[in-house]
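Here are some notes to read alongside the model.

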There are 2 protein chains.
Amino acid sequence: MTRVGGRGTGPAAPRSVDVARLAGVSQKTVSRVLNGERYVSDEVRRRVLEAAEELGYRLNNAARALASGRTRSIGVVTLGTALYGPASLLIGIERAARDAGYALRVVNTLEGDPGGVVGAVESLLEQGVDGIVVSEPIDEGAVSLSVDVPVLVLGAPAAFGGPRVVAAGVGAELLARAATEHLLDLGHVTVHHLAGPQRWFAARDRLHGWRAALTARDREQPPVIEGDWSAASGYAAGRELAHDSSLTAVFAANDDMAIGLIRALADAGLRVPDDVSVVGFDDIPVSAYVTPPLTTVRQPFDAVAHDGLRLLVQAIEKPDVELPPPNDPPVELVLRASTAPPSPRKTGRSTRSTASGPRGGAHAPPAADEASSTD
Amino acid sequence: MTRVGGRGTGPAAPRSVDVARLAGVSQKTVSRVLNGERYVSDEVRRRVLEAAEELGYRLNNAARALASGRTRSIGVVTLGTALYGPASLLIGIERAARDAGYALRVVNTLEGDPGGVVGAVESLLEQGVDGIVVSEPIDEGAVSLSVDVPVLVLGAPAAFGGPRVVAAGVGAELLARAATEHLLDLGHVTVHHLAGPQRWFAARDRLHGWRAALTARDREQPPVIEGDWSAASGYAAGRELAHDSSLTAVFAANDDMAIGLIRALADAGLRVPDDVSVVGFDDIPVSAYVTPPLTTVRQPFDAVAHDGLRLLVQAIEKPDVELPPPNDPPVELVLRASTAPPSPRKTGRSTRSTASGPRGGAHAPPAADEASSTD
DNA sequence: TTGAAAGCGCTAACAG
DNA sequence: CTGTTAGCGCTTTCAA
């Protein structure tokens, strides 16, 4: 039986003076010990800690914040969605914040809410935070964040203006480029793109990466189809694309859409990867187990969150020191069975090829994932 | 160009006295206006609001909390995982909390962390919260939460002891029962269960629901296989189950495992739903688009979060009023193509049945979801 | 309907 | 190494 707290419901919570009295020292000394300051004899430190333990003393954060002007907490503005990307980022941010000694305050912006980020930031400021993370925002027009605390924008470089705004990409553009290049390397003449909603910076980054890959090799850019991240929108896109006789390879901006897309292609009689190769984005947990297992790129959410928070914390604690440039996150392409070289007759859907791709086709054991790191 | 904040970096933030001075009233009156108290003339209210606006005044929450003893924020203890369930619940909680006028503090417990919940609660208490939500915890042995604030435990009825602990189920047991009954109704003699990790209360609820359904109809209970929620573990389970000649129907404790399971069955030459029917749990967004589209039960996360928070807020604000019993969330079974009556020869996997299930087999258009509400 | 005074529990300076 | 003295910016009495 583990117990939390020590005191019952009755008596008032002990304060630091109570601890001081019990330990036979001044209140200030208690404060010193609890804040890990130097210049406290081991003997005194021990006594204070003991007294605090005995009383079940718990620091009052409100008082501390009021007196010091610092709250030791960081606010996060994120989208209220269970999408794998944003959710994973939030987890990474929480972890990194806690490691750095900061608590987390979270506010979700509802998509479509006008002035969403601005309102959310405003509310965080009122709650009291030392810094703010804006995670993978969507475009709301030019927004300037003239706030007193540093702001880290994750996944939307240059989305916000402001004196203390620091942006960190998530490397999505590089990843998208790698995904596209993978398809080109397999021999596809060009690659279609099933994009995310273009109000999201995250979606634009991927579009740009795709475009960059094609441009670099002088390939034609097929018209882009825009989805809304959902498998349903991927399915709808797949129904359209199935009519396109030039279609041999698609880069989808996330795995959910890729899965919907593949299903639509299958329903239209096109086989993946025999007729069409598909690459997803995110490496969601099920992607290795759908049919066929999905080739995708993994986003390094933890690394991004960790690096980003390091910047933010430095901006909070050492405002004068120049911020180091964020390091580019690694590109990790996860090769599975949804991609293969184009079939011999490029428009050869009429004769369904019976030979599988080089990696064994759709039924390669999921365990056989290869991951190729490109930097 | 929207601007947040008004003041630059230089001058100190305006305080309520500044507003009072500008409006020509006392500080207390400013406080009254800002807290929406009565007994303020409209004229004065207007002047105060105007002055606040002009100065770009922002309430100082730390000072308010210190003086009032209330923080107007709620702490959430959740698992650091991007699993669909916990992530969706968190979103629901955030929304409900905000609607009720509370901010959110979030702490993740890392699975395997000893004393995870206790430590997390401790840290929230230190940060200052008026109430705590423990969301879908895992079993850590008997834990008593003797804290001064009310605690809402979501998805683990009776998991924690304590004076002000209120528990609210998420209805998982009923849902699991409905899922199992659906398979029995189709004519399956019994139903196997691919369970979640039994340290999770959420997993146990589903197990109990499955068991209850079988017991009620006097059916044999096949041995339970335990996964870890991941599609990978579902795949592993599927390899085992494929050898079981009595297998005709499986209820998986979440969709991810169901998807891995289906893939393993397919790899073993078993067809879903022709040879084996599979029901998942959660209705994750891709479940309608995998092959075959997954029959599953949807968890009413929003309703659960909303109802739970209503209880918590009441416990915070009116500690003396008796709490109303939580209402049972609705059961929503989403019928897709992964379930069908058992094939005529129950052990008839040798002759792969060529006829599809009654709803058109694997290729039913995803749009054709039927949802059946069972209460 | 409004105002004046007195803290909330801590940290920041400055002494010793 | 330790203690003293002031506040931090609000809300809470209580009085007008």
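**Notes on the two-chain model**

1. B:E50 forms a salt bridge with B:R46, and their closest N and O atoms are 3.1 Å apart. A salt bridge here is a side-chain nitrogen of Lys or Arg within 4 Å of a carboxyl oxygen of Asp or Glu. B:E50 and B:R46 are four residues apart in helix α3 of chain B, so about one helical turn separates them. B:E50 is partly exposed, with a relative accessible area of 47%, and B:R46 is partly exposed too, at 40%. The classes are: buried under 20% relative accessible area, exposed over 50%, and partly exposed in between (1.4 Å probe, protein chains only).

2. Before going further, please keep in mind that this is a predicted model: local features need pLDDT of at least 70, side-chain atom pairs count only at pLDDT 80 or more, and totals for chains, interfaces and linings use all residues. Residues are numbered from 1 along each chain as its sequence is written, chains are lettered from A and ligands numbered from 1 in the order in which they are written, and side-chain values use heavy atoms, with hydrogens and water left out.

3. B:R46 also meets B:E43 in a salt bridge, at 3.2 Å from N to O. Both residues lie in helix α3 (residues 42–55) of chain B, three residues apart, or about one turn of the helix. B:E43 is partly exposed at 39% relative accessibility. Helices (H or I, at least four residues) and strands (E, at least two) are DSSP runs, numbered from the N terminus.

4. What does chain A have in its own helix α3 (residues 42–55)? There, A:R46 and A:E43 are three residues apart, about one helical turn, and their side chains meet in a salt bridge of 3.1 Å, N to O. A:R46 is partly exposed at 40% relative accessibility, and A:E43 is partly exposed at 39%. A network of salt bridges links A:E43, A:R46, A:R47 and A:E50. Over all chains, the structure holds 34 salt bridges.

5. Now for the interface. 67 residues of chain A are in contact with 67 residues of chain B, where contact means heavy atoms within 4.5 Å. Chain A and chain B bury about 5900 Å² between them, 57% of it on carbon and sulfur atoms. Buried area is the accessible area (1.4 Å probe) that two parts lose on being put together, summed over both.

6. How many salt bridges does the rule find across the interface of chain A and chain B? The count is two. The side chains of A:E122 and B:R58 meet in a salt bridge at 2.8 Å, N to O.

7. Several elements of chain A each supply at least two residues of the side that touches chain B, among them α4 (61–68), α5 (84–99), β3 (103–109) and α6 (116–127). α5(A) gives the most, with eight residues.

8. β3(A) is joined by two bridges to strand β3 (residues 103–109) of chain B, and the two run antiparallel. A:R105 stands opposite B:R105 in β3(B). Two strands pair if DSSP finds at least two bridges between them.

9. Chain A has an open sheet of four strands in the order β10-β9-β11-β12, with parallel pairing. Its edge strands, β10 (225–226) and β12 (277–279), each pair on one side only. Strand β9 (residues 192–195) and β10(A) pair over two bridges in the parallel sense, and A:L194 has A:I225 in β10(A) as its bridge partner.

10. Is A:T339 buried or exposed? A:T339 is buried, with a relative accessible area of 2%. A:T339 lies in the loop between β14 (332–335) and β15 (370–373) of chain A, and its side chain makes a polar contact of 3.0 Å with that of A:H182.

Note on methods
Polar contact = N/O pair within 3.5 Å; in protein donor to acceptor, adjacent residues only side chain to side chain.
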